[in-house]
Amino acid sequence: MSKKSVVLAFSGGLDTAFCTVYLREQGWDVTTVTVDTGGFPPEQLERIQALSQKLGAVAHHTVDARDTLFQGYLRFLIAGNVLRGQLYPLSVSAERACQAVEAVRMAEKLGVQAVAHGSTGAGNDQVRFDVAFRTLAPQLQLITPIRDLALSRQQEISFLAERGFHLPAKTGTYSVNEGMWGTSVGGRETLDSWSTLPEAAFPGGEIPTDLKPLPLVISFDKGVPVALDGKALSAVEVVERLNAIGRPYGIGRGVHLGDTILGIKGRVGFEAPAAHLLIASHRELEKLVLSGKQLFWKETVGNLYGSLLHEGHFFDPLVKDLEAFLASSQDRVTGEVKLVLTPRAHVVEGVRSPHSLMDAKVATYGEANVLWTGTEAAGFAKLYGVAQMLSQKAK
């Protein structure tokens, strides 16, 4: 009788290494899948594949999902100018949804009986993976060894060592999860609401003291970044390049405090240069080309879209409705944005677009215009205040 088969979402860390060996001992043929959503240099992907083979997986697959991540998730986060709490880019949220979808695709392609992940029972990721797996592949068994067994990391290390696999515990003081849309940082300072993460905790490290202001021009076509300083690039290339440019300046660093899916407060450090530069630029370009009512409703829709993604509701039909609105709103969001980067800060200095609604030939705010006379303006101002005047009289 043949063994049952399972696809395991595999990061190459301790938890998923444990899952590989444990599932194999439970009678499963394990196929590991690593979904590259950025943050994996080639040598790391090679190490992950070698580790999978060493642990006894029957096969390993690496899926380059960087473009998929951008087209299916990040472009809508840009279109919605989504920063949770006006601060935190939803890097992990988008990555997990994308990784879960790709793992399910692989499971269906291989015809396995189960899918598995290595999340613990303490955080948001377990919910994101569970919801995605159960929604997209309800016919597959869902296996979660780390959550079910509730083992400590030291117990996992001992389990593997007893079988000849020697994996060190995470070294260093901080837990770092790097992806294309941002890097999350956890450590003792994020466990309370008062402490500050030191600069050295971030992947970019200490910010050099001799940095000079750096000018930069980002070009957009219908809300999608397409060039830097006039050089045409793919959207993924723009994101990766902005991360490299902004990291030494400490752009997009911060600590986010907010509500978790599980109903408790959580705190996490992050470093997301590209996300912060693109959203700041995109927002300013939208101010130039969209109407006031569009901007008002986009803020509402963007916040709702970000909440659904962050809280594991990405497969609710409402998400596609919101994406349709966001996509439609980007038809005129084409142009260039001029920024200057300085340590820990970036300033938008100018913006231009062929669809600009700011026309000095028609009217200049606070000065002259050709659309109305002073008498017409006085009449408008009088009528505009009637409701408030009546309200005051009625007191």
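**Close-up views of a predicted model**

View 1. Residues are numbered from 1 along each chain as its sequence is written, and side-chain values use heavy atoms, with hydrogens and water left out.

**View 2. Edge-to-face aromatic pairs.** The structure holds nine aromatic pairs; rings of Phe, Tyr and Trp (its six-membered ring) pair if their centres lie within 6.5 Å, and planes under 30 degrees apart count as stacked, over 60 as edge-to-face and the rest as tilted. Among them are Phe-296 and Trp-297, whose ring centres lie 5.3 Å apart with planes at 90°, so this pair is edge-to-face. Phe-296 is exposed at 52% relative accessible area, while Trp-297 is partly exposed at 49%. Phe-314 and Phe-315 also form an edge-to-face pair, with centres 5.5 Å apart and planes at 85°. Here Phe-314 is buried at 9% relative accessibility, and Phe-315 is partly exposed at 26%.

**View 3. A ring cluster and an arginine.** Take a look at Phe-18, Tyr-22 and Phe-159, which ring pairs link into a cluster. Arg-163 lies over the face of Phe-159, at 3.6 Å from the ring centre (a charge sits over a ring if NZ of Lys or CZ of Arg is within 6 Å of the ring centre and within 35 degrees of the ring normal).

**View 4. The largest nonpolar core.** This core has 72 residues, and those with the most contacts inside it are Leu-77, Trp-181, Leu-242 and Leu-278. A nonpolar core is a set of buried Ala, Val, Leu, Ile, Met, Phe, Trp, Tyr and Cys residues joined through side-chain atoms within 4.5 Å. Helix α4 (residues 91-110) supplies the largest share of the core, 10 residues; helices (H or I, at least four residues) and strands (E, at least two) are DSSP runs numbered from the N terminus. Not counting residues up to four places away in sequence, Leu-77 touches Val-82, Leu-90, Ala-94, Trp-181, Ile-279, Tyr-305 and Leu-309, where contact means heavy atoms within 4.5 Å. A second, separate core of 26 residues includes Leu-23, Leu-55, Ile-143 and Leu-160.

**View 5. His-117 and its surroundings.** You will find His-117 in the loop between β4 (114-116) and α5 (125-136), where this residue is buried at 1% relative accessibility. The His-117 side chain makes a polar contact of 2.7 Å with the side chain of Asp-130 (a pair of N or O atoms within 3.5 Å; within protein, one must be able to donate a hydrogen and the other to accept it, and residues adjacent in sequence count only if both atoms are side-chain atoms). A polar atom of the His-117 side chain also lies 3.1 Å from the backbone nitrogen of Ser-119. Beyond four places in sequence, the contacts of His-117 include Cys-19, Phe-129, Phe-133 and Ile-143.

Conventions:
Predicted model: local features only at pLDDT ≥ 70, side-chain atom pairs only at ≥ 80, totals over all residues. Buried < 20%, exposed > 50% of the residue type's maximum accessible area, 1.4 Å probe, protein only.
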